[in-house]
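Me: Could you walk me through the salt bridges in this one? I'd like to start with what counts as one.

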Amino acid sequence: MVADGGGQGASGSAPPAGRTALRVGFALIALMVLIVVPVVVKVVTSSADTISGPRFDVPGTATVSLESGRHMIFERSGSQTSAGPITYTEQNGTTIRPEDVTITGPDGTAVEVGERGAATETVTVGSDIYTGAVEFEAATAGDYRIEVAGVPGSRVLVGRSIAPSMRSRLVLP
């Protein structure tokens with residue numbers, strides 16, 4: 001009598017269907033990681049460049065060279081401290097309002113300053129946390145004079161708004 005192997009395990013035969021599906025699944029996951037990770041790194045690092053603008057104390061004035069587009073004034077709203085695996089974060093809201101900011105464009109005309117959008121944009125630079133307070137549109141590239149009144153002892157960072165910068169770097173079908 002010859003034992004029947006049930007069609008499995010014979011030398012040279014195809015692996016069972018379940019094992020093939022599992023191998024295909026792992027291959028697709030590996031392919032996605034190879035594609036997605038570099039795209040995410042590119043988007044995040046290029047967006048970090050858009051918000052590494054100048055910082056200055058409030059009340060204060062700075063002349064900033066800007067490209068045309070949507071920009072935001074981020075206010076220092078907190079800080080974080082790390083000790084080993086523990087991170088302590090202290091964060092408050094923003095105090096700067098559109099009426100606290102005066103911007104003069106390259107041609108000497110006043111630039112309208114508005115409330116930030118619905119989304120809260122937050123940037124961490126070193127141990128300082130900055131939160132988007134107000135935004136404005138730079139119609140043309142050039143030097144903009146930015147004057148910020150507000151709570152003495154505060155600090156601001158001028159940079160491109162993060163949301164439009166992220167959208168412009170993501171190409172979705």
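Reply: A salt bridge here is a side-chain nitrogen of Lys or Arg within 4 Å of a carboxyl oxygen of Asp or Glu, and please keep in mind that this is a predicted model.

Me: OK, how many salt bridges does that rule give?

Reply: The count by this rule comes to five salt bridges.

Me: Which residue does arginine 155 pair with?

Reply: Arginine 155 forms a salt bridge with aspartate 57, with 2.7 Å between the closest N and O atoms. Since arginine 155 belongs to strand β11 (residues 155–160) and aspartate 57 to strand β1 (residues 55–57), the pair ties together parts that lie 98 residues apart in sequence.

Me: And how exposed is aspartate 57?

Reply: Aspartate 57 is partly exposed, at a relative accessible area of 47%, and arginine 155 is also partly exposed, at 27%.

Me: Switching topic, what does arginine 70 do with glutamate 135?

Reply: Their side chains meet in a salt bridge at 3.6 Å, N to O, and this pair links distant parts of the chain, with glutamate 135 in strand β9 (residues 128–138) and arginine 70 in strand β3 (residues 69–83), 65 residues apart.

Me: Is glutamate 135 buried or exposed?

Reply: Glutamate 135 counts as buried because its relative accessibility is 12%, under the 20% cut-off, whereas arginine 70 is partly exposed at 31%.

Me: What about arginine 70 and glutamate 137?

Reply: Arginine 70 forms a salt bridge with glutamate 137 as well, the closest N and O atoms being 3.3 Å apart. Through shared partners, Arg70, Glu135 and Glu137 are joined into one network.

Note on methods. Residues are numbered from 1 along each chain as its sequence is written. This is a predicted model: local features need pLDDT of at least 70, side-chain atom pairs count only at pLDDT 80 or more; totals for chains, interfaces and linings use all residues. Side-chain values use heavy atoms; hydrogens and water are left out. Helices (H or I, at least four residues) and strands (E, at least two) are DSSP runs, numbered from the N terminus. Buried means under 20% relative accessible area, exposed over 50%, partly exposed in between (1.4 Å probe, protein chains only).
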